Amino acid sequence: MMRRSAEIIAFLLLFSCVLPSALAGPSGPGDGYTIAGHVKLEGATSKGFTPMEKSNSKVILNGGQRVTFLRADGYFSFHNVPAGTHLIEVSAMGYFFSPVRIDISSRNPGKIQAALTENRRVLHELVLEPLREEQYYEIREPFSLMSLLKSPMGLMVGFMVLVVFLMPKLMENMDPEEMRRAQEEMRAQGVPSLSNLLPGRSS
Amino acid sequence: MAMAVRVCLGFLIVLLYSNFSTALYEDQVGLADWHQKYIGKVKQAVFPTQKSGRRRVVVSTEENVIASLDLRRGDIFWRHVLGKDDHVDQIDIALGKYFITLSSEGSILRAWNLPDGQMMWESAFYVSTPSKSLLYVPANINLGKENWFLVFSGGWLHAVSSIDGEIVWKKEFAIDSLEIKQVFQPPESDIIYAVGFVGSSQFSVCELSSKSGEVLKHNTASFPGGFCGEASLVSSDMLVALDATRSALIAISFQSGIINFHQTYISDLVQDFSGMAALLPVKFTGIFAMKTVSSIYLVRVKGVSELEVLEKFNHPASVSDALTLSEEQQAFGIVQHVETKIDFRVKLDKDLRNGVLKETIEMDPQRGHVQKVFISNYVRTDKSHGFRALIVMEDHSLSLVQQGVVVWSREDGLASIIDSTTSELPVEKEGVSVAEVEHNLFEWLKGHALKLKGTLLLASPDEIAAIQAMRLKNSERNKMTRDHNGFRKLIIVLTRAGKLLALHTGDGRIIWSLFFPSLHRSEACEHPSALNIYQWQVPHHHAMHENPSVLVVGRCGPSHDALGFFSVVDSYTGKERNSLKLAHSIIQVIPLPLTDSTEQRLHLIIDANLQAHLYPRTRDSVNIFLREMSNIYRHSIEVGKDMIRGYSLQSGCNLDVADEYCFNTKELWSIVFPSESEKIATTATRKINEVVHTQAKVIADQDVMYKYVSRNILFVATVAPKAAGEIGSVTPEEAWLVAYLIDAVTGRILHRVTHHGAQGPIHAVVSENWVVYHYFNLRAHRYEMSVIEIYDRSRADNKDVWKLVLGKHNLTSPVSSYSRPDVMVKSQSYFFTHSVKAMAVTATAKGITSKQLLIGTIGDQVLALDKRFLDPRRNVTLTQSEKEEGIIPLTDSLPIIPQAYVTHALQVEGLRGIVTIPARLESTTLVFSYGVDIFFTRIAPSRTYDSLTEDFSYALLLITIVALVAAIFATWILSEKKELREKWR
């Protein structure tokens, strides 16, 4: 199965299509290209989405060389980017985005390829979607008996219950002769204290 | 039996390590952490005049932040931190609802929605020649029709549509080498005027059609005296410029295409003028502002040949832009220092003799001089104009002044912290209890019962709120005394403005502040700037009654050979204890691990002549130093020359005057990297105060490995010179990264490894016997983190207990850097998703607790990553014993667990540094991270194994004990009865 998927990836990499020309093109008299893309946040979200979050989302080129912001419709663009292999990262609180590898070919002007670096998925359009949502807080488990039992206190009580109810059962399996002898031995020791009396008596 | 023990052990390990992160519940936010948002020193400010935005101000700052602030409280409505090279040049407001910024030397124009800060559009211009950029937003812009903004940058004039940022037309001026100084459009006119200079002596006026950008008229005239490039527009047909020597003013009128010059010497205009003048970029009609060495002058232009000085303000003073009150009335504000107070005046341009407003405001002397002032008006109930002023001070703080009082102040210097250190708080003295009386037992129980309800999730929303309030109100953490766990400390930070501030770790409030430039400014030291802070005196044995103090090192000018100054500041009071003007420069400060009899730490200062000066200058310290001198080495990293040199110290200096506190340095070794193939990118050393608990590391199969623990280990990473730039500039074949581990005493290279196809930026941390570094792998096009662990093999034989017992081991043999180390190195690389801005490692008091790496990611969050993920011994298939040891199976990339972000749902915008401070409680590290924002929290890398957590439920413990006792009695009674029955039988 692993090999199969690896083959598919290799296949995709080999035949990765040229992205639509709308994605990039020479802009103005400069020698650079424009990388334009779209960040989709609404599709992935389940908890609703406030405009504040989006206005604080950033798109970062080459580890901080350039930073741009998302427009209201989720589009972003970098202008005057030279040919070469670049890296785009999206920073949006609450979402995990894979960085994107962008190849701008210098031989075929305007030919741009994009692929996610995390899972090597090739993008035919520069539409970036979060891989997953990020939950920064531990969620409080709803009250359950298990959680109470798992706490140190619960374990203490549990152990006590175990000793009180299971130990006598174990004792019952013992040889009655032996038992009697043990009890006599105990009595011979004189006045026992409450603590060492309890298990003996309860049997 | 052994099997059972193993199973039990395995279970325990699983239980212990099941939770890698020190995760937080949402209701615990703010209990141990605090976060403060800043914007930096304000460069420009604009007050929206439209109804909805009246209570706000939008600003751009030197930290590349644009923000909208609440005028009433100074809070941030919204804020954006632009890229590190994306400096904001011009800002303006258009149509009453868009905030327009021009940044990156005029190449990017963005429009933001004023209420919520959403970016509306962005447009980029091609910039061929760097020049000063201009943004012109027509004042008579109306909502219905399409309007154009004019942007001049890099030799091009662009007209940009206000609706979507499309470029309507553009006109190149670079061909004529015309540099435009002013662009304007007279109201109700279709002609755009662009005025500027060609070369240094020609003045040019262009008339362009606003529809198409077509040049209608172009007039040029030359002035023999030449221009310095500064110009100020005083009316729609007149300009005032400075000549090339900056000593004469040239009034230029260009009415209907005829250019006239008139030169006026400044010395004729004002008395005692000397030096050079500068024009202030303030916009008034008929008036311009000129700055000389000592004063600011306001000059009225009555005609081409007639200039009249209206007013003179002595420095330090600041003049605001003109504020249009009505069609023909303009006002401006002036702020001036009058002894300790500041004087704020507002004047109308029609009536300059009498001001409309004159207020004297008390200002904190620790804020320095006034730097900038912005004014805005409001209409009072009696229909008269009221004024408020936004004042930027020398320490980068921002204050709003209204009706003679400071309404609010923001300590925005904290957005540019350059160094930090910590100080303990005073010990709680007996009799003087700072704590409030502990509330009675009933209340205590009630509180705990409430908390119990909270933990069991039985509490109602009201009760949850009550619990939260109770926790946050906890006065314990804000006390001004030392606590048992060492959580309460003072963080002393130094800002770029030269201000020293002490922050309390409990809630981040400022305890004291001290502004250095105003303290050290003198004739000899005109531009004092503080460089670093060091611990000067940390009393614990000998000088218990003394307050701890910190040392601030600074220099008098921007160059490296400027003379230095020293200042010792009391950590409790923030008062300067003593200061010293040094007679030499400061290149490097080396805090030595030695203290004198009063617990003052010895410091060596290396000056530009490579001579070492010892401080404090006492006999005592020299004696201590001379004893240890043969063990003190230093190294210098010359990044430009790609060289590392090591030095030893020698007595005696080749100075003219004998100075027993001065020592000479002797070069011992040097490492020269081949400059054609390697370029120093990053270096890292161990923290000098790091504690290592044990040298031995017990690995699986009861085997022992000895860590090579040396204080002198130096990590150096070099990259191929071609790959020194940004990602995307080289191919994998041209890039490589070489990592070195060097002994800084002998210069011996302990280990060297080459990563082909890798490039920077590199971030590295060195701790104990390992180094972790982050870099970019061009082949995989992903970031990678590598770990190198270094072990001492010469001690590897000391495993036998008998050898240890009989003393046949070599553990006590002295470790010397000169003995040839027999080291073994293990390393491994992993992929890491994000770019990294800063990296640090946790530090604990005794070094027992396992370590976590703190990684500041590109999203301005701080991720805590267990060092165990970066263990070079991770393997795909683990043996049983390795599993027991807690080694994690090998994966190709490092996990990013969202709950492991120590900053949880917050961002430390513009993150630049992470500092870790050990608490007294072994399990806990204090983390302070700074950038534009500051954030503090405390983390426990292996959870708080040595103390009960704050949300430990005492009530549950009590209930359990009661239940147990009850059960004991119940079973006892039951057993008694049973026995009785048996006896009767």
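## Salt bridges within the chains

In this predicted model, Asp103(A) and Arg101(A) meet through their side chains in a salt bridge of 3.0 Å, N to O; the term denotes a side-chain nitrogen of Lys or Arg within 4 Å of a carboxyl oxygen of Asp or Glu. Arg101(A) has a relative accessibility of 24% and therefore counts as partly exposed, since buried means under 20% relative accessible area, exposed over 50%, and partly exposed in between (1.4 Å probe, protein chains only). Side chains of opposite charge can pair when their charged atoms come close. Over all chains, the structure holds 43 salt bridges.

In chain B, the side chains of Glu230(B) and Arg246(B) form a salt bridge of 2.9 Å, N to O. This pair links distant parts of the chain, 16 residues apart: Glu230(B) belongs to strand E18 (residues 227-235), while Arg246(B) is in the loop between strand E19 (238-243) and strand E20 (248-253) of chain B. Helices (H or I, at least four residues) and strands (E, at least two) are DSSP runs, numbered from the N terminus. Glu230(B) is partly exposed, with a relative accessible area of 21%. A further salt bridge, at 3.6 Å N to O, joins the side chains of Arg345(B) and Glu311(B). Here too the pair links distant parts of the chain, with Arg345(B) in strand E29 (residues 341-348) and Glu311(B) in strand E25 (residues 306-314) of chain B, 34 residues apart. Arg345(B) counts as buried at 15% relative accessibility, and Glu311(B) counts as buried at 16%. Salt bridges that share partners also unite Lys58(A), Lys837(B), Asp860(B) and Glu909(B) in one network.

## Basis of the values

Residues are numbered from 1 along each chain as its sequence is written, and chains are lettered from A and ligands numbered from 1 in the order in which they are written. The model is predicted, so local features need pLDDT of at least 70 and side-chain atom pairs count only at pLDDT 80 or more, whereas totals for chains, interfaces and linings use all residues; side-chain values use heavy atoms, with hydrogens and water left out.

## The interface of chain A and chain B

Chain A contributes 59 residues to the contact and chain B 73 residues, where contact means heavy atoms within 4.5 Å. Between them, the two chains bury about 5,800 Å², 59% of it on carbon and sulfur atoms. Tyr137(A), Glu138(A) and Arg140(A) supply 14% of the area that chain A buries against chain B, more than any other three residues. Buried area is the accessible area (1.4 Å probe) that two parts lose on being put together, summed over both.

Three salt bridges are counted between chain A and chain B. The side chains of Glu118(A) and Arg782(B) meet in a salt bridge at 2.9 Å, N to O. The elements of chain A that give two or more residues to the side touching chain B include helix H2 (51-55), strand E5 (84-91) and helix H4 (152-172). E5(A) gives the most to that side, with six residues.

## Annotated transmembrane regions

The unreviewed UniProt entry places the feature "transmembrane region" at residues 153-171 of chain A. Over residues 153-171, chain A is 100% helix and 0% strand, with the end C-alpha atoms 27 Å apart. For chain B, UniProt (unreviewed entry) places the feature "transmembrane region" at residues 952-975. Over residues 952-975, chain B is 92% helix and 0% strand, and the end C-alpha atoms are 35 Å apart. UniProt positions are given in the numbering used here, feature names are shortened, and annotations may be inferred rather than shown by experiment.

Chain B has nine helices and 64 strands, and its C-alpha atoms fill a box of roughly 125 × 80 × 60 Å along the principal axes. Of the 985 residues in chain B, 54% are buried.

Gln852(B) lies in strand E60 (residues 852-857) of chain B and is buried, with a relative accessible area of 1%. The side chains of Gln852(B) and Asp866(B) are joined by a polar contact of 3.2 Å. Val753(B), in strand E54 (residues 749-756) of chain B, is partly exposed at a relative accessible area of 23%. Leaving aside neighbours within four places in sequence, Val753(B) is in contact with Leu737(B), Val738(B), Ala739(B), Tyr773(B) and Ile788(B).

How values were computed. A polar contact is a pair of N or O atoms within 3.5 Å; within protein, one must be able to donate a hydrogen and the other to accept it, and residues adjacent in sequence count only if both atoms are side-chain atoms.
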